[in-house]
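Q: Hi! I'm new to this one, could you walk me through it?
A: Happy to, ask away.

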Amino acid sequence: MRNSFADALHEAAVEDDRVVLLSGDIGNRLFDRTKAVAANRVINVGIAEQNMMGVAAGMALSGYRPVVYTITPFTTYRCFEQIRVDVCYHEAPVVIVGTGSGLSYASLGPTHHSMEDIALLRTLPGMTVFCPACPLEVGAGLRAALAHDGPVYIRLGKKGEPNLHDAVPQITLGKAITMQDGSDVCLIATGPVVGLAMDAAKMLAKAGISARVENFHTVKPLDVARLDEITARYRAVVVIEEHGRIGGLFGAIAEWMAPREGARPVLAGVGAEDKFLHKVGSQEFARSYFGISTEAIVDQVRRALHT
Amino acid sequence: MSQFRSDAAPPRLTAIAAELRGRIVEYSGKTKTPHLASCLSCVDILAAYYFDILRVAPDRAADPGRDRFILSKGHAAPALFQVLAMAGFFPAEELWHSDHNNGGLFGEHPPTPGDLPGIEAATGSLGHGLPMAVGMALAGRLGGAGYRIDVLLGDGECNEGTIWEAAMLAAGQRLSQLTVVVDFNKWQATDRSCEVMALAPLVEKWRAFQWEAVEVDGHDIGALLKVLKAPRSDKPLAVIAHTVKGKGVSFMEDDNNWHYRTPTPAEVEAAKRELGLIS
């Protein structure tokens, strides 16, 4: 996904000379092509993320469109107050890009995991939270973010994510994408684990359970029109994210659903328990450790449907 | 450049440093663990600390009176792991047979102290080790203990604001048992460290923050020992150690590709030959 991002950033920087990339001493070689044509708009601001975010706000307020890029915990947790005040409170149109989100960097240990970022960022007034599910969604998402007149957080994976569409999809921030239809249960996922949801749907189909898969790439604002339709149609909804169970997409949907009147589906979530992983491993190992797997999705579906 | 003309380094420590380098290079090749060059630049510093200066030992990992060393540049953990194994904190086989894909303990950054005795802080995010060390130094002073607190920083790590917050407080609090060594290998992840930000003049910055600050050749173990064991004033001490990223292996030295690259078997063998570990 980071390569797709670099490609998309390059195109954007070439098309629009207000676009500036601020990187936190990362992205070795990734942005060389852009540096070659726009050296003064590709700035390594060093390993200093709180400053980086303030710098981005200042540039945005001066008419530029800064894109901030580093590994997710450092571009979110490290400088959260700057995002809150310098960016969101000022309504500064900064695009915040976290690379290696979720458990993508499981080999580097918990300092490099991000399992709380969706929760954190969506608490901020005026923030848009966008989690592309595959490389094809990154470019379209970045373009949408730059066309949006407000701050946007883009939560990237790292590399090797399979493409989940046949062609570049239309990305409208706040509008979910139906990946496949189904009649018994609705799986709602965000980020690369949309792929897990689709795999789970195949497993469920073999067991005679028809699952719809919804790609909620935008966690904030939630596609409430889609949620209205889903809650009316399904008696069970399972939400999947490579994130903790507290406050992510599951939390957002639960908050939306709780005060509603009328019949509502059973709502279940697949996400990480409230604990740190004290070991290193592959992303697959880490997902499995936290119970973020096709098996877990199938299990939640069965429980929700009482089958 | 070094203010300290060293006595010749004890041959024992020079040999340990070479052996450590060989193990670090081999491990990186076997496990595909990156940040090799960042590990190699601080080997002499680690050897001086763990095999001479620090009052630490496997059987006193929980002793409140022990010296504390924090690897604030946590991505050099593969070097620290080799040091701790050599010093007997855990069997070396555990390190060499750690399962990197499925829940091993030994990755690219230190685990928590609770997970691995000998580790004082689970670093990996830069700029954390020094503030935590300041806390440990304050605790030490409150408790009347006389232990050393030593912190190894990267030069790129000095970009982080928390380093300077901690530095200002440490001097304000006169934490004279606190020592910082900066592994000044002149590179960070993507650029030369003096080109990203106005890092230089570095030793003057620490002096301006009211630390005692000196420069040494970070590969001169004799000089390191002299500096780190010299009598102290009432100020914390910053040792700016001029080092070479990738030091010890000619084809890795000062080549920032080795921030990411891992060596092939042929490169491991060539490295060990250069280090005098095989003929």
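Q: Where does Phe5(A) lie?
A: Phe5(A) lies in helix H1 (residues 2-15) of chain A. Helices (H or I, at least four residues) and strands (E, at least two) are DSSP runs, numbered from the N terminus. A word on the basis: this is a predicted model, where local features need pLDDT of at least 70 and side-chain atom pairs count only at pLDDT 80 or more, while totals for chains, interfaces and linings use all residues. Residues are numbered from 1 along each chain as its sequence is written, chains are lettered from A and ligands numbered from 1 in the order in which they are written, and side-chain values use heavy atoms, with hydrogens and water left out.

Q: Is Phe5(A) buried or exposed?
A: Phe5(A) is buried, at 0% relative accessibility. Buried means under 20% relative accessible area, exposed over 50%, and partly exposed in between (1.4 Å probe, protein chains only).

Q: And which residues is Phe5(A) in contact with, leaving aside neighbours within four places in sequence?
A: They are Leu21(A), Phe31(A), Val67(A), Tyr69(A), Val97(A), Val138(A), Leu142(A) and Leu156(A). Contact means heavy atoms within 4.5 Å.

Q: How are Phe285(A) and Tyr289(A) placed in their helix?
A: They are four residues apart in helix H11 (residues 283-289) of chain A, so about one helical turn separates them. An α-helix has 3.6 residues a turn, so residues three or four places apart point the same way. Phe285(A) is buried at 17% relative accessible area, and Tyr289(A) is partly exposed at 35%.

Q: What about Tyr27(B) and Trp96(B), what kind of pair do they form?
A: Theirs is edge-to-face, with 5.2 Å centre to centre and 80° between the planes. Tyr27(B) sits in helix H1 (residues 11-31) of chain B and Trp96(B) in helix H5 (residues 92-96) of chain B, so the pair ties together parts 69 residues apart in sequence. Both Tyr27(B) and Trp96(B) are buried.

Q: Which residues do ring pairs link into a cluster?
A: Trp164(B), Trp206(B), Phe209(B) and Trp211(B).

Q: Helix packing next! How do H1(B) and H4(B) pack?
A: Their axes are 10 Å apart, at an angle of about 125°. Axes are lines fitted to C-alpha atoms, for helices over the stretch in contact, and angles run from 0 to 180 degrees between N-to-C directions. That makes H1(B) oblique to H4(B). For the wording, angles under 35 degrees count as roughly parallel, over 145 as roughly antiparallel, 65 to 115 as roughly perpendicular and the rest as oblique.

Q: Which residues make that contact between H1(B) and H4(B)?
A: From H1(B) they are Ile16(B), Glu19(B), Leu20(B), Arg23(B), Ile24(B) and Tyr27(B), and from H4(B) they are Pro78(B), Ala79(B), Gln82(B), Val83(B) and Met86(B).

Q: And how do H3(B) and H4(B) cross?
A: The axes of helix H3 (residues 43-53) and helix H4 (residues 77-86) of chain B come within 11 Å and cross at roughly 25°. That makes H3(B) roughly parallel to H4(B). Leu46(B), Tyr50(B) and Phe51(B) of H3(B) meet Ala79(B), Leu80(B), Val83(B), Leu84(B) and Met86(B) of H4(B).

Q: Why is H10(B) said to be largely enclosed?
A: Seven of the nine residues of helix H10 (residues 221-229) of chain B are buried, so the rest of the structure largely encloses it. The cover over those buried residues includes H1, H3, strand S4 (178-184), strand S5 (212-217) and strand S6 (237-242) of chain B.

Q: Last one: where is the peptide bond cis in chain A, at Pro221(A)?
A: The bond from Lys220(A) to Pro221(A) is cis, with omega near 0°. Pro221(A) is in the loop between strand S10 (218-220) and helix H9 (224-233) of chain A. In chain B, Ala200(B) and Pro201(B) are joined by a cis peptide bond too, with omega about 0°.

Terms used
Rings of Phe, Tyr and Trp (its six-membered ring) pair if their centres lie within 6.5 Å; planes under 30 degrees apart count as stacked, over 60 as edge-to-face and the rest as tilted.
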